[in-house]
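Please look over the sequence and the structure shown here, and then read the briefing that follows.

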Amino acid sequence: MLVDNPTPPSPLQAAWQRFQLAPHRPCFAAGVLAAVSLALWWWAMLQWPQPGHWPAVMVHGLMMPLGVFPLFMFGFIFTAGPRWLNVDAVTGLTPLAAAYLAGIALSLLGFALGGRAPLPGLLLMAGCWLWACWRWWRCIRASSVADRRHAQRLLLAFCIAPLTLLVAITWIGLGDGRWWLLGRSLALWAFLLPVFLVVSHRMLPFFTQAVFPQKLAWRPPLLLNGWLSASGLLALGSGLQWAWLEAAAGLLLAASLAYTSWRWGIVLSLQNRLLAMLHLSFAWLAPAVLLQVLGTLGVAVGSAPAHALGLGFCVTMLVGFVTRVSLGHSGQPLQADRGYWAIYLGLHGVAALRVLVALLGLAPSWLHAVSAAWLLLMLLWAARVLPIYWQVRLDGKPG
């Protein structure tokens, strides 16, 4: 009796099947495309300014934090989070990744068209965030592990994202710049910073101890609670323009972050490039917050605090984390080769130059150079990591 053997999938079908095996694959791939697209969009806006109803610099101020980072957050938390909580893996995130990427594209197109055209894209992004928050809440609810503090605090920070998008939608509807200012403050200090702080608090001591077993993991819960409280006060003070609140919260936060960077072993980390990528990024936090404090005290800092936080800390930390996760979950050695290291250090140089442009009021040509350098580095990084997400794991493991 003859038994029909199933037809093996074509190479394209096999790659598509692998692409959907783990949450980080579609989300990271879409995140890389979003980051490169936004870098290209900003470079183009600087080269060929387009007169329109919505100033490109204001769009940039909202779309960068809400466009570059969320897809990577989805990929990371739905890959690592179920392990933290000891719950079933989350699958089927390709539609979420595609929808959020489409929301970014629709928003940028809408801002170019003017009027209320950005609303469909922003609403789609907000809907994606609401679903992600709901799905992450389900993971927390299903967990019986004793320590869920990082997962719970991440959920609180995640919930700020749809709130920020609602504020952005209000700005579009009313055309009142005060809503844009509130949205930008929420995006930077109440959403982006807390998410990265929670992940850093959990993962940096863990990664450091994995490389240097003699280095005990130091991450007291009170430290994280203090950071998040200070971040909330910074966002509140910035949004309401209460300089005294911003200054007080910022000084305490900056001092704590500087001490933690030393305590976590930034000098020791320099012996391992992949680990150093995380620690050197974390070192940007104290200067970024101090710049924000100086701005509240009347010092002319321009957009230096936002770029020290967004480019200096968040983008470099993003590249460090995503590179590590991508290598680890593809079965490759956890080592940053010269190419990854050069891209990473280049991003630090871009961030430092962008901060100097703001502080010194350098000519617009410098801003053009920064945007071009950032775009080039993101393209080089994308060329390294994108193929990983549809390739077979080298170690033969699933995921």
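Helix α10 is followed by Gly265, whose phi is positive, near 95°; helices here are DSSP runs of H or I with at least four residues, numbered from the N terminus. The model is a predicted one, in which local features need pLDDT of at least 70 and side-chain atom pairs count only at pLDDT 80 or more, while totals for chains, interfaces and linings use all residues. Residues are numbered from 1 along each chain as its sequence is written, and side-chain values use heavy atoms, with hydrogens and water left out.

**Helix α10**

- Helix α10 covers residues 243-263, and because 21 residues at 1.5 Å a residue should span 30 Å, the 30 Å between its end C-alpha atoms agrees with expectation; the expected span is 1.5 Å times one less than the number of residues.
- Among the buried residues of α10 are Leu245, Glu246, Leu253 and Ser261, where buried means under 20% relative accessible area, exposed over 50% and partly exposed in between, with a 1.4 Å probe and protein chains only.
- The buried residues of α10 pack against α8, α9 (221-240), α11 (266-269), α12 (273-282) and α13 (285-296).

**The largest nonpolar core**

- The largest nonpolar core has 145 residues, and those with the most contacts inside it are Trp129, Trp136, Phe313, Trp381 and Tyr389; such a core is a set of buried Ala, Val, Leu, Ile, Met, Phe, Trp, Tyr and Cys residues joined through side-chain atoms within 4.5 Å.
- Helix α8 (residues 177-211) supplies the largest share of this core, with 16 residues.
- Leaving aside neighbours within four places in sequence, Tyr389 is in contact with several residues, including Arg18, Phe28, Val322 and Ser326, where contact means heavy atoms within 4.5 Å.

**Ala132 in helix α6**

- Ala132 lies in helix α6 (residues 119-142), and because its relative accessibility is 2%, Ala132 counts as buried.
- Leaving aside neighbours within four places in sequence, Ala132 is in contact with Phe74 and Phe78.
- Ala132 and Leu93 are 39 residues apart in sequence, and their C-alpha atoms are 9.6 Å apart in space.

**Ser330 in a loop**

- Ser330 lies in the loop between α14 (304-328) and α15 (338-360), and Ser330 is buried, with a relative accessible area of 5%.
- A polar atom of the Ser330 side chain lies 2.8 Å from the backbone oxygen of Ser326, and the side chain of Ser330 also reaches the backbone oxygen of Leu327 at 3.0 Å.
- Leaving aside neighbours within four places in sequence, Ser330 is in contact with Ile388, Arg393, Leu394 and Asp395.

Notes
Helix = DSSP H or I, 4+ residues; strand = E, 2+ residues; numbered from the N terminus. Polar contact = N/O pair within 3.5 Å; in protein donor to acceptor, adjacent residues only side chain to side chain.
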